[in-house]
Amino acid sequence: MIWLAICVASCAGAAAQTKEDPARIAVDLRDAARYEFHAQLSLPVKPGPLTLVYPKWIPGEHSPTGPIVDLTGLKFTADGKEVAWSRDSVDMYALHVEVPSGATRLEIKLDYLSPSETNGSREHPSATPKLAVLNWYTVMLYPQGTRSDDLTYVASLRLPEGWKYGTALPVAKEETGEVDFEPASLTTLIDSPVITGQYFRDVDLAPGEKTKHTLHIAADGPTALEPSATEVQHLRQLVAEEYALFGARHYRRYDFLLALTDRMPPDGVEHHESSDNRTPEGLFLDPDIREMHMDLLPHESVHSWNGKYRRPAGLATPNYQEPMKGDLLWVYEGLTQYYGQVLTARAGLWTPERFHENLAATAAYLNDRPGRTWRDLQDTATAAQLLYGAAEEGSSWRRGVDYYDESILIWLEADTIIRRETKGKKSLDDFCKKFHGGENTGPKLVMYTFDDVVVTMNEVAPYDWRTFFEERLKSHGPGAPLGGIENSGWKLVFNDTMNDHERAAEAAELVVDEQFSLGFRVHSPGGPDGGEILDVIPGSPAASVGLAPGMQLVAVNGRKWGPELLRDAIRRAKDSREPIELLAQNGDYFQTYRIDYHGGERYPHLEAIGGKADVLSEIVKRKAAEVATPAKF
Ligand SMILES: [Zn+2]
């Protein structure tokens, strides 16, 4: 009701942007390599005051992160005459104009300035010299108080010479370097980013199928564009596994947009009919990068069902100015994180052993987070809009967006309970079929509440699911919910053999991870922030002698530090009574910290519990028919 009141008060100058009289937006990406996106909009209007808004709450980011600071070069005209504009003094995303009498269209020129590199903020680069990702919200204005479903935009795009592109947005007409799209609602337009680049290729991920699935790869260099036949087989298997899991699709086609670049941070954003995936350039070249990032495409594509088709009521807002509520992100992101990784294993992108190692590392770091004593998991979801931007420094005390990884443990436990209660006849897969499947449809939104989750869980297997979830969401520990690992026949153990996931993470992220022994992570010396201590776990041996995040590690036992030297010192201290001496720089001061630790190296793994059934291996088994490895693709 509040919503309608806003509309009546502020829509005076807006005409309906209907199919008959749509808004138009023409974007020119020819200066993308200079980090400038140019746009021209033409909106149908009526004379009088008009307020236009720039998208603030970005779907998939669950936060008010619309990059308004980089909206530049604004110029409004009507009938060839300039129209003055002013910003609202309270709402920085709202711009006021007075549409002159007689005018029926308002023409707007604007530029979006993309950051050229990662600057620590949540606004990531949208371009590199060789590729770009156009998210239409970066160049968009629309009338305040309208519903994005009710607005029609006709979009067109001018590409840099020789660049190819991929998008799920239906194309009306295409000439060299110019693409005209079919009219679409503002919802669909914002939901359909475009990837474009000089080094570009398409891979068909469902040849012979009626529903097209395409992987569009744009890379900073030509050698990065070559997935192996086995990798293509795994990605095709992923498409088959997702259909086997959900039993229906809610898209007309699906486009995986994949930017391979070191100039954008690894990240992904989900959409109904596509996903905007970004990984380091070496995804198909470097096995450690592959291991670290191969679960991205499964995660983002699961969101088509869990997040876009089924969406928590608090995240299903009518436009991009209404605040989003993150309280059910443990379903939206958490169940996606669980199935993203399960499907990565089912598709063959990870081996079952690799899935185990990842689960062990996840369980271990969550189990060791003292932050849960003051902040429950529910608060990490409710405060998502704050925590996405939080630094790693202090994260084990602050907690971060833990509703991703901790929900893996919770949904795994739910999965094992369903299997136990139904004597193996049903599993969490049945919940997904009921909750996310149904009929094959185009993009569609079906909202849900916490109660709807509980009801459907009960339909699959009667159990006190409300209490089950509430206890885990409101728990202050001690420790993480590890019941699912135990129910599935495994237990978390530590030994001095490096965990495979941690090893790949160390190589890919240039960190040294001793959080389970001394209690800290540190940037490895080869990286740009070499020696910087990232986080120190409260209560750990390092914390108890005063080491803190932000300090610089300088030396171990009197010698300039390196990863091997540090590990060697930990190994030697196991059989000695001498403390480990770390010299650290804190601001302009140096200090030696003596850590009386003799526990040796400690890395997490899963160990089978004798006599218990191995449910975990059952969960990650291929469910769809095996897709053939292609000879050519
Ligand atoms: Zn996600």
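Tutor: Happy to. One term to start with: a cavity here is a set of grid points where a 1.4 Å probe fits but cannot get out. Keep in mind too that this is a predicted model.

Student: Okay, by that rule, how many cavities of 30 Å³ or more does the count come to?
Tutor: The count comes to one. The space in the largest cavity is about 40 Å³.

Student: Which residues line the largest cavity?
Tutor: Its lining is made of His62, Leu315, Met324, Lys325, Gly326, Ala381, Thr382, Ala384 and Gln385. By class, four of the lining residues are nonpolar, four are polar and one is charged.

Student: And pockets? How much space lies in the second largest pocket?
Tutor: About 800 Å³. The second largest pocket is lined by 41 residues, and the closest to its centre are Asp149, Thr187, Thr188, His272 and Arg311.

Student: Which element gives the most to the lining of the second largest pocket?
Tutor: That is α2, with three residues. Both β15 (184-185) and α2 (186-190) supply at least two residues.

Student: Switching to the metal: which residues coordinate the zinc ion?
Tutor: His299 and His303, each through NE2, and Glu333 through OE, at 2.0 to 2.1 Å. Along the chain, the donors of the zinc ion follow the spacing H-x3-H-x29-E.

Student: Where do His303 and Glu333 sit?
Tutor: They are in distant parts of the chain, 30 residues apart. His303 is in the loop between α5 (296-302) and β22 (310-312), whereas Glu333 is in the loop between α6 (329-332) and α7 (334-346).

Student: Is His303 buried or exposed? And why?
Tutor: His303 counts as buried because its relative accessible area is 0%, and the cut-off for buried is under 20%. Glu333 is buried as well, with a value of 1%.

Student: What about the largest nonpolar core: which members touch the most others?
Tutor: Those are Tyr339, Trp411, Met457 and Phe469, out of 88 residues in that core. Helix α12 (residues 405-421) gives the most to this core, with eight residues.

Student: What is Tyr339 in contact with, leaving aside its neighbours within four places in sequence?
Tutor: Its contacts are Leu245, Val302, Arg346, Asp415, Leu428, Asp429 and Cys432. There is also a second, separate core of 57 residues, which includes Tyr35, Leu151, Leu157 and Leu159.

Student: I'd like to check the backbone too. What is phi of Tyr35?
Tutor: Near 65°, a positive value in a residue other than glycine. Most residues other than glycine have a negative phi. Tyr35 is in the loop between β1 (23-28) and β2 (36-44), and with a relative accessible area of 17% it is buried.

Student: And Asp79, buried or exposed?
Tutor: Asp79 is exposed, at 58% relative accessible area. Its phi is positive too, near 50°, and Asp79 belongs to the loop between β4 (71-78) and β5 (81-83).

Student: Last one: where is there a cis peptide bond?
Tutor: Between Gly477 and Pro478, with omega about 5°. Pro478 lies in the loop between α15 (465-473) and α16 (483-487).

Technical notes
Residues are numbered from 1 along each chain as its sequence is written. This is a predicted model: local features need pLDDT of at least 70, side-chain atom pairs count only at pLDDT 80 or more; totals for chains, interfaces and linings use all residues. Side-chain values use heavy atoms; hydrogens and water are left out. On a 1 Å grid over the protein atoms alone, a cavity is a set of points where a 1.4 Å probe fits but cannot get out, and a pocket is an open set with protein on both sides within 12 Å along at least five of seven lines; lining residues have an atom within 4 Å of a point. Grid points are joined across faces, edges and corners, and a volume is the space filled by probe spheres set on the points. Helices (H or I, at least four residues) and strands (E, at least two) are DSSP runs, numbered from the N terminus. Ala, Val, Leu, Ile, Met, Phe, Trp, Tyr, Cys and Pro count as nonpolar, Asp, Glu, Lys and Arg as charged, and the others, Gly among them, as polar. A nonpolar core is a set of buried Ala, Val, Leu, Ile, Met, Phe, Trp, Tyr and Cys residues joined through side-chain atoms within 4.5 Å. Buried means under 20% relative accessible area, exposed over 50%, partly exposed in between (1.4 Å probe, protein chains only). Contact means heavy atoms within 4.5 Å. Donors are N, O and S atoms within 2.8 Å of the metal (3.2 Å for Na, K and Ca); water is not among the atoms, so sites may look incomplete.
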